[in-house]
Amino acid sequence: MSHRVSDYSGEMDTDISRVASSRNLPYVHKVGVPPKPNLLKEITETVKETFFHDDPLRHFKDQSKTKKLLLGIQAVFPILDWGRSYNFSKFKGDLISGLTIASLCIPQDIGYAKLANLDPQYGLYSSFVPPLVYAFMGSSRDIAIGPVAVVSLLLGSMLQAELDPVKQKLEYQRLAFTATFFAGITQFILGFFRLGFLIDFLSHAAIVGFMAGAAITISLQQLKGLLGIKKFTKETDIVSVMKSVFAAAHHGWNWQTIVIGVSFLAFLLVAKFIGKKNKKYFWVPAIAPMISIILSTLFVFIFHAEKHGVQIVRHIEQGINPPSLKKIYFSGENLTKGFKIGAISGLIALTEAAAIGRTFAALKDYQLDGNKEMVALGTMNIVGSMTSCYVATGSFSRSAVNYMAGCHTAVSNIIMSCVVLLTLELITPLFKYTPNAILASIIISAVIGLIDIDAMKLLYKIDKFDFVACMGAFLGVVFESVEIGLLIAVAISFAKILLQVTRPRIAVLGKVPRTTVYRNIQQYPEATRVPGILIVRVDSAIYFSNSNYMRDRILRWLTDEDEMLKETNQQRIQYLIVEMSPVTDIDTSGIHSLEDLFKSLHKRDVQLVLANPGPLVNDKLHASGFPDMIGEDNIFLTVADAVMTFAPKMEP
């Protein structure tokens, strides 16, 4: 027996039963019309579902004012919540993790600062203050905070396009702090107003390509330090970089520098391979950079390699972060430049941190509030901009080491900050003889992991359009610039969204043998067509952007079907059934297109029939009076009901 949902009166049901009896058909119910909510309730529910789908205020229900205040403070500073259950056992794990990631972050920070065209100490500054702020406000147990390669390169390339980092050093630094301030503001606003879903518009495929391209670009940039080249291009594209490298081949390369750089790069890659092959030896690639720094610095100091053309760090400012609030541009043209650079850098930093946080939260099976994370990241960058830091975020390599070292809480970030503090206060003079080649080797070994070949292969297998998006972003970064690659990544992501929205999938359905189920005939070739009936399914909401396409595509299918049936002398199409189960919503343009479709079908003597419109769609259809146009009897609960009702009526 077929059924329709019933919300109508018994009188209506009686009428339907009479019609069914006269046709000698099973009794069916009418499609139910849900009660229409009032406008205020509808708007409230929409806003709640858009911005508060996770019900963040559920903990505050039925609580006293004092308890609500305490919960509010804990929401801003999660450390006050988990800190109450903190114990020595957890501290031991956090201590080991903090010391391990500190040994990794210190050499990386010095190198990443150079990527951003800043003095080495600014990289260390950015691993001191931001991690402390995050430890109090962040909710991830595993993220290790500090500068990262991709954001450093992006920031450096955009800043360099505005100011010369050598000739305009002070202005360049001020613009860097300004960009960091606005990166933090951008992140904070997105989190505070719960707009985190916006970063999801950058597709995974585009991010994979962008990261891989950035890794290639960063590695190419390190050829300057690895080969000991003094005059090097400021461009980042592969053609300009390789021209610069080969132009210096006869007189600009330094063999001592090459020996140091290549030897330690090989050592770092072997250490990384050991750590990847056996998870128990995760500490090997973690301490390898610091060992490389110590050994190469001793080598240069003992043999005075700097006198033979080996370029060294020479000087790192000693002492903790100096205040920089007065250096931030709050007026003038540099304010606009800083805002633009900061907003872009902040979004990329946010995307990377969100991906890292979700990954490790899933591994440890705990929930991560993305909007709280954005507020924490934004606050730490705002504070960082006032304490001589540049944009910091979650580092994947350090977070992975932090996770494998057995961290329990964000205290590992505090331990790391303390080690960086000691380094700034006591150890920075020892880096004087550190060769630039070793920093280049450390950066290359760190960014190689960003090239995810397996992910690219998977994209090619699953979705060719995703693969095109990935390669577009990759080639844009490698052959043009980081900004162009990012622009291509965003453009392709939006193009995919627009394509899916404006050209939804519409399938022709057939009956699966020995069932009453109707499925896509392309997926189920054995599914049979019902003579005289064309059944289609719209796999999308029907909006102004796709309603005309939906109508035209269905009419074209009908025309093609009629021509084919005419050639084979088969019964013409008398009924068009539109399966509307996947149609989650419809707007006025969509309803007008359905009306136009009905009128076009009426001229062809074809009856339009709808199957299972959802509650929201059904409510809007009734509000527009569309059921009166096509007839209430032509709206069914299932396709099977519709076929069972109309199949006996068709002429042989």
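In E4, Tyr518 is the bridge partner of Lys511. That pairing belongs to a set of 3 bridges that join strand E3 (residues 506-511) to E4, and the two strands run antiparallel. The model is a predicted one.

- In general, the strands of a sheet pair through backbone hydrogen bonds, in either a parallel or an antiparallel way.

**Helices on the sheet**

**Helices H21 and H22**

- The axes of helix H21 (residues 464-479) and helix H22 (residues 482-502) come within 6 Å and cross at roughly 160°.
- An angle over 145 degrees counts as roughly antiparallel, and H21 and H22 are therefore roughly antiparallel to each other.
- The crossing in which H21 passes H22 is right-handed.
- On the H21 side, the contact is made by Phe465, Asp466, Val468, Ala469, Gly472, Ala473, Gly476 and Val477.
- These residues meet Val482, Ile484, Gly485, Ile488, Ala489, Ile492, Lys496 and Leu499 in H22.
- Sorted by class, the contact of H21 with H22 has 11 nonpolar, 3 polar and 2 charged residues.

**Helices H14 and H19**

- Helix H14 (residues 283-303) packs with helix H19 (residues 436-447) at an angle of about 165°, and their axes are 10 Å apart.
- That angle makes H14 roughly antiparallel to H19.
- H14 and H19 cross in a right-handed way.
- Pro289, Ser292, Ile293 and Ser296 of H14 meet Ile438, Leu439 and Ile442 of H19.
- The contact of H14 with H19 divides into 5 nonpolar and 2 polar residues, with no charged ones.

**Helices H8 and H10**

- The axes of H8 and helix H10 (residues 204-221) come within 10 Å, crossing at roughly 70°.
- H8 is thus roughly perpendicular to H10.
- From H8, the contact involves Ala149, Val150 and Leu153.
- From H10, the contact involves Phe210, Met211, Ala214, Thr217, Ile218 and Gln221.
- The contact of H8 with H10 has 7 nonpolar and 2 polar residues, and no charged residues.

**Salt bridges**

- The structure holds 15 salt bridges.
- In one of them, the side chains of Asp164 and Lys234 meet at 2.8 Å, N to O.
- This pair links distant parts of the chain, 70 residues apart.
- Asp164 is in the loop between helix H8 (149-162) and helix H9 (169-192).
- Lys234 is in the loop between helix H11 (223-227) and helix H12 (238-247).

Note on methods
Residues are numbered from 1 along each chain as its sequence is written. This is a predicted model: local features need pLDDT of at least 70, side-chain atom pairs count only at pLDDT 80 or more; totals for chains, interfaces and linings use all residues. Side-chain values use heavy atoms; hydrogens and water are left out. Axes are lines fitted to C-alpha atoms, for helices over the stretch in contact, and angles run from 0 to 180 degrees between N-to-C directions. Helices (H or I, at least four residues) and strands (E, at least two) are DSSP runs, numbered from the N terminus. Angles under 35 degrees count as roughly parallel, over 145 as roughly antiparallel, 65 to 115 as roughly perpendicular and the rest as oblique. A crossing is left-handed if the near helix is turned anticlockwise from the far one by less than a right angle, and right-handed if clockwise. Contact means heavy atoms within 4.5 Å. Ala, Val, Leu, Ile, Met, Phe, Trp, Tyr, Cys and Pro count as nonpolar, Asp, Glu, Lys and Arg as charged, and the others, Gly among them, as polar. Two strands pair if DSSP finds at least two bridges between them. A salt bridge is a side-chain nitrogen of Lys or Arg within 4 Å of a carboxyl oxygen of Asp or Glu.
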